[in-house]
Protein chains: 2
Amino acid sequence: MGHWTGEQLKARAGVLKAMAHPARLRVLEALAERDHCVCEMQALVGSDMSTVSKHLSVLRNAGLIADEKRGTNVYYRLLVPCILKSLDCVETVLQKQAQKHRVLAGKAGA
Amino acid sequence: MGHWTGEQLKARAGVLKAMAHPARLRVLEALAERDHCVCEMQALVGSDMSTVSKHLSVLRNAGLIADEKRGTNVYYRLLVPCILKSLDCVETVLQKQAQKHRVLAGKAGA
DNA sequence: TGGCTATTTGGCTAAAATGCCAAATAAGAA
DNA sequence: TTCTTATTTGGCATTTTAGCCAAATAGCCA
């Protein structure tokens, strides 16, 4: 909880950066439910297969997911189940922001 | 907990992206303790004042912090105290990664 | 008012991230 | 082995981010 070193800050920022993309969040969300192969995730994300593969490698390099070959496909699994729960506070941020916008728009008051 | 829409994913990714920088994490860490003025945070971050100011505006636009003028200085405060606790799982990621690296280096086994 | 002091903004350059296509790989099926 | 399918990698163009300097603001103090 004390002061982090520059290296520690960099490492933490790196993990956050890996998560900070809509497609990659979508992947994490899916993997929190069950393992998925790349082709399934391409359908979810809706981008080119090569793009999806690169997103997956970002998440893998960050230590968030791992891959495993099963038959013809490569399946990915979530290494850190807590990661989606750690978005709870992000939710709070968005709620507060929505609240503020409502107030600024004069539609309601707290 | 269900499936997020594209907009929801984008909003969540946006907040994470705002956090995903060493200097900005350092700022959040400091503000979790108490309010700080910009000049104090410049000392903490060690970059040009204008750079620090831009980092602060990223965090402000994301809804994570707010500013308030007090005398000569502008003080920032953390709007969402839970945000640093939401890094607990990031910690877990780093620990698992360090563990894996130890195993790959053959220095120990679980 | 004029001059500070603290902070923000504009402008610019360098670096990193995105996403597509095409080519390379890997591995099962025939 | 050869064909095919699933995935990764290389390359490239476009966009976004980062960080510095210099200039613009804002507000206090004399």
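**Reading the contacts of a predicted two-chain model**

Author: S86(A) lies in the loop between β3 (73–78) and α5 (88–104) of chain A. Helices (H or I, at least four residues) and strands (E, at least two) are DSSP runs, numbered from the N terminus. This is a predicted model, in which local features need pLDDT of at least 70, side-chain atom pairs count only at pLDDT 80 or more, and totals for chains, interfaces and linings use all residues. Residues are numbered from 1 along each chain as its sequence is written, chains are lettered from A and ligands numbered from 1 in written order, and side-chain values use heavy atoms, without hydrogens and water.

Reader: Why is S86(A) called buried?

Author: Its relative accessibility is 12%. Buried means under 20% relative accessible area, exposed over 50%, partly exposed in between (1.4 Å probe, protein chains only). So S86(A) counts as buried.

Reader: What does S86(A) touch, not counting residues up to four places away in sequence?

Author: S86(A) touches S86(B) and C89(B). Contact means heavy atoms within 4.5 Å.

Reader: What makes S86(A) and I83(A) a polar contact?

Author: A polar atom of the S86(A) side chain lies 2.7 Å from the backbone oxygen of I83(A). The rule asks for a pair of N or O atoms within 3.5 Å; within protein, one must be able to donate a hydrogen and the other to accept it, and residues adjacent in sequence count only if both atoms are side-chain atoms. The distance is inside that limit.

Reader: How is Q97(B) classed, buried or exposed?

Author: Q97(B) is in helix α5 of chain B. Its relative accessible area is 17%, so Q97(B) is buried.

Reader: Which residues does Q97(B) contact, leaving aside its neighbours within four places in sequence?

Author: N61(A), A62(A) and G63(A). A polar atom of the Q97(B) side chain lies 3.1 Å from the backbone oxygen of N61(A).

Reader: Why is E91(A) with R12(B) called a salt bridge?

Author: Their closest N and O atoms are 2.0 Å apart. The rule wants a side-chain nitrogen of Lys or Arg within 4 Å of a carboxyl oxygen of Asp or Glu. The pair therefore qualifies. Across the interface of chain B and chain A there are two salt bridges. That interface also has 12 residue pairs in polar contact (both at pLDDT 80 or more). On the side of chain B that touches chain A, α1 (6–19), α2 (22–33) and α5 (88–104) each supply at least two residues. α1(B) gives the most, with nine residues.

Reader: What area do chain B and chain A bury between them?

Author: About 3500 Å², 71% of it on carbon and sulfur atoms. Buried area is the accessible area (1.4 Å probe) that two parts lose on being put together, summed over both. The contact takes 39 residues from each of chain B and chain A.

Reader: What makes a nonpolar core?

Author: A nonpolar core is a set of buried Ala, Val, Leu, Ile, Met, Phe, Trp, Tyr and Cys residues joined through side-chain atoms within 4.5 Å. The largest one here has 60 residues. I65(A) is among those with the most contacts inside it.
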